[in-house]
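User: Could you go through this model with me? I'd like to take it piece by piece.

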Amino acid sequence: MPPKIDVPVLIAQSGPVAGQRWPLNKDELTIGRGPECDIVIPDRQVSRVHARLRRGESGFEVEDLGSKNGTHLNGTPVLDPRPLQDGDLIQVALVARLVFVGFDSTVPLKVDLKRVLTGPLVQGRLRLDSAARRVWVDDREVDPPLSVPQFRFLELLYQHAGQVCTREQVIESVWPEAAGAGISEQAIDALVRRLRDRLSELDPAHPYVATVRGHGFRLDNPPKAS
């Protein structure tokens with residue numbers, strides 16, 4: 001049975017602090033690069049004091065503190081203090097994604113921490129930012145950006161890291177307006193080939209998109225070199 005929590009928790013899904021978690025047992029916590037912050041993210045894209053979590057009357061809220069590279073909540077820029085709900089995703093610059101795990105005021109929320117910690121945004125050689133629609137391989141950005149179909153396909157695999165995505169799932173994600181009509185096997189294979197070509201520009205030794213014959217496709221995202 002998943003563990004219970006009796007205080008909200010912030011869990012890092014990606015970035016240099018991936019896998020770490022912080023119980024929100026204070027009324028205010030700061031996030032930033034500086035050692036004086038409660039949650040330290042050691043990356044130059046993160047401002048020294050980047051953002052703040054503060055407990056209000058109805059729960060915690062997140063506030064950007066004038067950071068250079070911004071804070072996003074569920075893909076939307078944080079321009080004013082924003083209330084947090086269970087499952088919300090806080091993005092600090094383009095570096096780290098933090099999941100807010102809340103709780104009911106009378107009944108503690110049951111949450112599968114293992115599932116959250118081992119979710120799709122593991123820190124591998126390939127990194128994808130859905131909100132900014134950007135992709136990096138070995139910290140080098142794919143430029144020019146991927147086409148919309150290529151990005152949607154890669155995002156599907158990235159969000160289902162370690163799982164096989166069927167061709168039906170690919171059609172739903174890449175061509176949602178088509179509802180499967182008129183999308184041929186050749187179109188999918190061509191998309192896979194073009195995406196592999198784009199990623200090979202930065203890492204020709206690794207294919208990233210693996211074909212699982214008779215089943216579909218899987219992201220093969222090796223860990224970053226130490």
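User: What does Gln150 touch, leaving out residues up to four places away in sequence?

Analyst: Gln150 touches Leu191, Arg194, Leu195 and Arg198, where contact means heavy atoms within 4.5 Å. This is a predicted model, in which local features need pLDDT of at least 70 and side-chain atom pairs count only at pLDDT 80 or more, while totals for chains, interfaces and linings use all residues. Residues are numbered from 1 along each chain as its sequence is written, and side-chain values use heavy atoms, with hydrogens and water left out.

User: Where is Gln150 placed, and is Gln150 buried or exposed?

Analyst: Gln150 sits in helix H2 (residues 148-159), helices being DSSP runs of H or I with at least four residues and strands runs of E with at least two, numbered from the N terminus. Gln150 counts as buried because its relative accessibility is 7%; buried means under 20% relative accessible area, exposed over 50%, and partly exposed in between, with a 1.4 Å probe and protein chains only.

User: Which backbone nitrogen lies 3.2 Å from a polar atom of the Gln150 side chain?

Analyst: That is the backbone nitrogen of Ser147.

User: Switching to the sheet, what is the strand order?

Analyst: The open sheet of six strands runs S2-S1-S11-S10-S7-S8 with antiparallel pairing, two strands being paired if DSSP finds at least two bridges between them. Strand S2 (21-23) and strand S8 (76-77) are the edges, each pairing on one side only.

User: How many bridges join S7 and S10?

Analyst: Strand S7 (residues 71-73) and strand S10 (residues 89-92) pair over three bridges, and His72 has Gln91 in S10 as its bridge partner.

Note on methods. A polar contact is a pair of N or O atoms within 3.5 Å; within protein, one must be able to donate a hydrogen and the other to accept it, and residues adjacent in sequence count only if both atoms are side-chain atoms.
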